[in-house]
Amino acid sequence: MTAAKKDSTTEWTVEKAVQELKSADVTRTGADSRKSSFCKMYKQFSREQRTLLCQEAAIVLKEKFDSEVRLESAIYLLGVAFAQERDWEAANALLEAVISKATSADFLRELSLILLEISDNELSGKAKRVPLAQTILVLLTELGMQLAANVGRNGLDPRETGRVVEYITTNLLARSNLNNMAMRISLVHYLAKCPLNAQGSLQLNRVISRFGQSLLDDMLTAFFEDKRKGNAAFFFLVEHLNSFFTASPALAEMSQNVLKHYMLKHPDEFPLFLASYCEFIPKEEIGLTNATRHIALLLRGAIEVNQRPLAESIGRILIRHLGVFRDASQEFAASQAETAVQLATAAGRHGKHPMLEEFLRDVRALTEPAATEVSQSKILTMSRRKPREASIKFAKVGEKPSPLEQMLQLAS
């Protein structure tokens, strides 16, 4: 009996899996045994076999489209397998193969339509928590972003490719009222990252105004209170918190208020988060300058409620952050330091609040002229001080999750 079972599970080959995709007639409500069998086969495949299967699957999908056969069953089987194994490498390989095999934008539009239909079905009713819907949404958004990133380089008419991207964008926005974490994550990620979306900023502002506060609240709750989701939430914030900061002034203020709430709710852990956030954010001017403003406002908030240890920690983080500008340009660092001081000192009468003194001293030291121009006594005094950066502690974060792993962790 044991030998027979072993034979039945090892008889699968990539060729047989491809045949399964060709002949599959699977829906969300039926053929559970076929789904289970396909997933068992997929689980035992090596990485090379999975990649080969995805390359062959792209050919199958194109052949089905050319023969006017629905693509749903094949996509459904692949999606279930990707979701069960959390296999982003294979999912990405499928997208790359599909784009390379496409000879017309109509094929890509049809693929997008099927992905939308499957996600709609899986997000409705009792199936709304099934990982398949989340996996399909990742495939859809990544398809749009990859098409946009490679427009004009994939052999397709750039205008037709642009229409496919617009089709994906329009349909995602049409679902922005859904109270569903997977859809909200998909919208923010797609609108912030899609390079072909000319109205991306305006659209992103609209969706953030619609559900941004609850999404930001969910991400910070996950980081501080859910170890299983914390790492994925951290990297989502690293990627997208700046989108909240660069939205309208009202939305930026909303984001600051949410951050301040969690700063006061978790005064011991919040500086760890903030220090790590500053380490991981892309070193781009707009993101760095926005971070300066919001860290200074957080410092101000900590001072206003007389949270000395919290204020000292955030002050040290802000000084470390300003050092990034100093490495690029002393003049730029001075400008950023002035902005930080103006925002932070608004909390104290005439800018002389006791909690600000050490921060202001460090700002002056940071923006001093070159050491050769500083008096020897000042250099000696500064050298005796314990470096404040040494007391900065960071949150423990793991490796950045793949888009699929991030989605499956956060939307579950």
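Start with the whole protein. The secondary structure comes to 20 helices and zero strands. The protein has 412 residues, and 51% of them count as buried. Take the contacts between residues at least 6 apart in sequence: 75% of these join residues at least 24 apart.

Next comes confidence. The mean pLDDT is 86. A value of 70 or more is reached by 86% of the residues. Two stretches call for care. Over residues 1–10, pLDDT stays under 50. The model gives this stretch two contacts beyond four places in sequence. Over residues 370–387, pLDDT also stays under 50. Here the model has eight contacts beyond four places in sequence. Where pLDDT is low, the predicted coordinates should not be read in detail.

Now turn to the helices. Two packed helices are described by the angle between their axes and the distance between the axes. Helix H8 spans residues 131–149, and two of its partners are described here.

One partner is helix H7, residues 105–123. The axes of H7 and H8 come within 8 Å and cross at roughly 155°. An angle over 145 degrees counts as roughly antiparallel, so H7 is roughly antiparallel to H8. The crossing is left-handed. From H7, the contact draws on Leu-108, Leu-111, Ser-112, Leu-115, Leu-116, Ile-118, Ser-119, Glu-122 and Leu-123. H8 supplies Leu-132, Ala-133, Ile-136, Leu-137, Leu-139, Leu-140, Leu-143 and Leu-147. By class, the contact of H7 with H8 has 14 nonpolar, two polar and one charged residues.

The other partner is helix H6, residues 88–101. H6 and H8 pack at an angle of about 45°, with their axes 10 Å apart. The two helices are therefore oblique to each other. This crossing is right-handed. H6 brings Trp-88, Ala-91, Asn-92, Leu-95, Glu-96 and Ile-99 to the contact. H8 brings Val-138, Leu-139, Glu-142, Leu-143, Gln-146 and Leu-147. The classes here are eight nonpolar, two polar and two charged. Leu-139, Leu-143 and Leu-147 of H8 take part in the contact with H7 and in the contact with H6.

Further along the chain is another pair. Helix H16 covers residues 308–328, and helix H17 covers residues 330–345. They pack at an angle of about 150°, with their axes 7 Å apart. That makes H16 roughly antiparallel to H17. Leu-318, Leu-322, Phe-325 and Arg-326 of H16 make the contact. They meet Gln-330, Phe-332, Ala-333, Gln-336, Ala-337 and Ala-340 of H17. These residues divide into seven nonpolar, two polar and one charged.

Some elements sit inside. Helix H14 runs over residues 270–280, and eight of its eleven residues are buried, so the rest of the structure largely encloses it. The buried ones are Phe-270, Pro-271, Phe-273, Leu-274, Ala-275, Ser-276, Tyr-277 and Cys-278.

Finish with a single residue. Phe-211 lies in helix H11, residues 200–225. Is Phe-211 buried or exposed? Buried means under 20% relative accessible area. Phe-211 has 2% relative accessibility, so it counts as buried. Beyond four places in sequence, Phe-211 touches Ser-176, Arg-184, Leu-187 and Val-188. Asn-179 is 32 residues away from Phe-211 along the chain, and their C-alpha atoms are separated by 8.8 Å.

Conventions. Residues are numbered from 1 along each chain as its sequence is written. This is a predicted model: local features need pLDDT of at least 70, side-chain atom pairs count only at pLDDT 80 or more; totals for chains, interfaces and linings use all residues. Side-chain values use heavy atoms; hydrogens and water are left out. pLDDT is the predictor's confidence in each residue, from 0 to 100. Contact means heavy atoms within 4.5 Å. Axes are lines fitted to C-alpha atoms, for helices over the stretch in contact, and angles run from 0 to 180 degrees between N-to-C directions. Helices (H or I, at least four residues) and strands (E, at least two) are DSSP runs, numbered from the N terminus. Angles under 35 degrees count as roughly parallel, over 145 as roughly antiparallel, 65 to 115 as roughly perpendicular and the rest as oblique. Ala, Val, Leu, Ile, Met, Phe, Trp, Tyr, Cys and Pro count as nonpolar, Asp, Glu, Lys and Arg as charged, and the others, Gly among them, as polar. Buried means under 20% relative accessible area, exposed over 50%, partly exposed in between (1.4 Å probe, protein chains only). A crossing is left-handed if the near helix is turned anticlockwise from the far one by less than a right angle, and right-handed if clockwise.
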